[in-house]
Amino acid sequence: MKRSIYDEDHEAFRASVKEFLDRSVVPHVEQHAADKAIPREFWLEAGKQGFLGLEIPEENGGAGADDYRFNAVVFEELNKVNAALGSCVGIHADITAPYLVELGTEEQKKRWLPGVAAGEILLAIGMTEPSGGSDLAALKTTAVRDGEHWVVNGSKTFITNGYSADLVITAVRTSPEKKARGITLFAIPATAEGYSRGRKLDKVGQDESDTAELFFENVRLTDDDIVGELDGGFIHMMQKLPQERLGCAISNLAHARQILEETLVYAKERKAFGQGIGSFQHNKFLLAEQFTTVDVAQAYVDQCVVAHDAGELTPIDAAKAKWWTSQVQNDVLDHCVQIYGGYGFMNEYRVARAWRDARVSKIWAGSNEIMKELIGRDLGL
């Protein structure tokens with residue numbers, strides 16, 4: 001079924017994104033995986049092409065696109081290359097940058113956004129802690145007032161872009177007695193005294209992503225480093241999570257569809273018992289099911305994109321999109337591995353890497369279990 005949410009401008013933009021990726025990224029993906037990082041050269045080139053500042057106003061060095069469908073196009077093309085690329089760029093441009101755009105002061109916008117759009121200031125967001133997981137209200141990292149300063153102590157983990165980030169929007173507890181209502185967001189530069197990075201975490205998948213632990217030992221900040229309202233961080237995060245979860249859904253389907261299409265080609269070319277393995281009824285029916293599943297899920301996600309672009313996407317609909325597409329992606333890729341047989345278990349094959357990369361999608365941005373809890377509450381249960 002032909003998708004109807006994009007027009008000629010979006011498709012022309014898609015072509016430019018694809019051309020950039022084919023030229024500047026695809027030839028180097030093996031090196032990215034070996035280095036467990038996407039190099040700064042990528043970020044600078046992506047910035048020059050205007051791919052990192054879609055939501056950033058023109059006066060702050062961005063494109064000021066004001067159309068989330070362009071973000072969706074970028075997600076789709078990045079995830080055709082690999083899931084890690086989509087997650088790293090998503091954290092920088094689609095998840096963290098909007099905090100500065102929508103909550104930052106004019107001084108903060110002038111200070112940081114031009115560099116963010118240019119790829120010179122790489123962003124990360126520090127929410128998850130070693131003992132907290134999806135429970136954002138249980139943060140233990142604190143900021144204590146000391147005269148004109150705030151002194152931050154604590155740690156974060158599983159931080160995408162964490163090892164290379166120049167600026168981390170960090171959730172800390174400023175008023176412990178207020179519990180969830182006592183969390184504040186601080187923009188913490190990597191150059192701050194007392195800020196340190198742990199090792200690049202050894203993950204099951206998404207090797208290209210420099211995921212790291214972050215540590216704060218008596219990091220001194222001022223009110224000028226607060227993003228948004230004092231003690232308003234939890235509300236700010238809740239307001240931004242629907243876009244993060246929608247970005248996950250778009251990525252999940254684009255990633256799954258790309259590998260599924262490659263698997264279809266393999267099923268036609270691979271011979272067993274004198275015929276293409278795709279012609280066996282089981283595989284034929286299986287592929288028919290997977291393509292139908294992806295297409296049906298795509299129709300829902302496309303409507304979520306349209307709703308979000310109109311400012312109408314609800315947190316519940318975003319939660320539905322996130323958990324469902326995460327499950328669909330993992331189911332589809334597991335079937336793809338099975339069709340490849342023994343080759344599907346070899347890391348040199350894209351299907352194996354994609355299968356590993358996809359597993360985290362049922363965990364991050366709020367686990368699928370948390371998504372179902374939110375949906376269940378909305379049902380009055």
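The legends below describe close-up views of a predicted model.

**View 1**
With a relative accessible area of 1%, K156 is buried, because buried means under 20%. Two polar partners of the K156 side chain can be picked out here. One is the side chain of E129, joined to the side chain of K156 by a polar contact of 2.9 Å. The other is the backbone oxygen of M127, which lies 3.2 Å from a polar atom of the K156 side chain. Apart from neighbours within four places in sequence, K156 is in contact with G126, M127, T128, E129, L139, T141, T170, A171, E213, L214 and F216.

**View 1. The salt bridge between E76 and R3.**
The side chains of E76 and R3 form a salt bridge, with an N to O distance of 2.7 Å. This pair links distant parts of the chain: E76 belongs to helix α4 (residues 68-81), R3 belongs to the segment before α1 (8-24), and 73 residues separate them. E76 counts as buried at 6% relative accessibility, whereas R3 is partly exposed, with a relative accessible area of 29%.

**View 2. The salt bridge between R353 and E30.**
In the salt bridge of R353 with E30, the closest N and O atoms are 3.0 Å apart. R353 is in helix α10 and E30 is in helix α2 (residues 29-35), so the pair links distant parts of the chain, 323 residues apart. R353 counts as partly exposed at 22% relative accessibility. E30 also counts as partly exposed, at 48% relative accessibility.

R356 is buried, its relative accessible area being 18%. The whole structure contains 26 salt bridges.

**View 3. A nonpolar surface patch around M346.**
Y343, F345 and M346 make a nonpolar surface patch of about 320 Å². M346 is placed in the loop between α9 (315-340) and α10 (350-358). The relative accessible area of M346 is 35%, which makes this residue partly exposed.

**View 4. T314 in the loop between α8 and α9.**
T314 lies in the loop between α8 (281-309) and α9. T314 is partly exposed, with 33% relative accessible area. The T314 side chain reaches the backbone nitrogen of D317 at 3.0 Å. A second residue, V337, is included to show a distance along the chain and through space. T314 and V337 are 23 residues apart in sequence, and their C-alpha atoms are 35 Å apart in space.

Note on methods: Residues are numbered from 1 along each chain as its sequence is written. This is a predicted model: local features need pLDDT of at least 70, side-chain atom pairs count only at pLDDT 80 or more; totals for chains, interfaces and linings use all residues. Side-chain values use heavy atoms; hydrogens and water are left out. Buried means under 20% relative accessible area, exposed over 50%, partly exposed in between (1.4 Å probe, protein chains only). A polar contact is a pair of N or O atoms within 3.5 Å; within protein, one must be able to donate a hydrogen and the other to accept it, and residues adjacent in sequence count only if both atoms are side-chain atoms. Contact means heavy atoms within 4.5 Å. Patches are made of residues with over 30% relative accessible area and no salt bridge: like charges are joined within 9 Å, nonpolar side chains (Val, Leu, Ile, Met, Phe, Trp, Tyr) within 5 Å. Accessible areas come from the Shrake-Rupley method with a 1.4 Å probe; for residues, only the protein chains shown count as cover. A salt bridge is a side-chain nitrogen of Lys or Arg within 4 Å of a carboxyl oxygen of Asp or Glu. Helices (H or I, at least four residues) and strands (E, at least two) are DSSP runs, numbered from the N terminus.
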